[in-house]
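Hi,

Here is the structure I promised to pass on. Have a look at it first, then read my notes below.

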Amino acid sequence: PEGAAIAGVRLPAHPRQGGARRDTGHADARRGARVLTVGSLFAGIGGFDLGLERAGMRVAWQSEIDPYASAVLRKHWPAVPNHGDIRGIRAGTVEPVDLICGGFPCQPFSHAGKRGGESDDRYLWPEMLRIIDELRPAYVIGENVAGIINMALDQVLSDLETIGYTTRPIVIPAVAVDAPHRRDRVWIIAQDARRADTDADRRYIEPECAIHAGRVAVDALCD
């Protein structure tokens, strides 16, 4: 709900956009703001991408292997390259970006599955970490199911801190964006500590802005 506080952070107001996408990038450019670029891992049908676009960013590239989801991405982002399998992405094969986002596969942690963790061949967090380390974006936003908290969240945060990122996990339930169920999701916000004091665009990683991006992403999927 509007004005609700989650993990001590108040949700910013956000008018529903319905099914329409708006070109925030050009609007921000006209206002003189530098538009942050996004690399979207495990892009799915573009929920992250839509939310971050609505927060004023530009999607530079995507990574998705599912045929149906890839078809959806081509329809809505025809000019954005989909680099396919994350395991084939290297620093020299994609455009450098300001922010990398990704909901890395939840099956290793989900209560709906066997919760195999690192033994599950869908455990792809190390691949996302590798790309973050190679590309060194200023910001990272990750997402996963609540089951990760007791299985791998400490490891994920430690991995990011080891390569020089400051981190902050936040739990946002779907009900916070007016969905008719709780469905807790863990959002991991990280910033390159070496750039934190000098990056003029660090306002984007403030918790309220990160939550806003997540809020409109989920909102778009619920429309």
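Let's start with Asp49: setting aside neighbours within four places in sequence, Asp49 is in contact (heavy atoms within 4.5 Å) with Ser40, Ala43, Val59, Gln62 and Trp77. Before you read on, this is a predicted model, where local features need pLDDT of at least 70, side-chain atom pairs count only at pLDDT 80 or more, and totals for chains, interfaces and linings use all residues. Residues are numbered from 1 along each chain as its sequence is written, and side-chain values use heavy atoms, with hydrogens and water left out.

Asp49 sits in helix H2, residues 47-54 (helices are DSSP runs of H or I, at least four residues, and strands are runs of E, at least two, numbered from the N terminus). Asp49 counts as buried because its relative accessibility is 0% (buried is under 20% relative accessible area, exposed over 50%, partly exposed in between, with a 1.4 Å probe and protein chains only).

Two of those contacts, Ser40 and Gln62, are also bridge partners, with Gln62 in E4. Strands E3 (37-41) and E4 run parallel and are joined by 5 bridges; two strands pair if DSSP finds at least two bridges between them.

Now for helix H5 (153-162): Leu153, Val156, Leu157, Asp159 and Leu160 are buried there. They cover an arc of only 155° around the axis, so they lie on the same side of H5 (the arc uses directions from the helix axis to the C-beta atoms). On the other side, Asp154 and Thr162 are exposed.

Cheers
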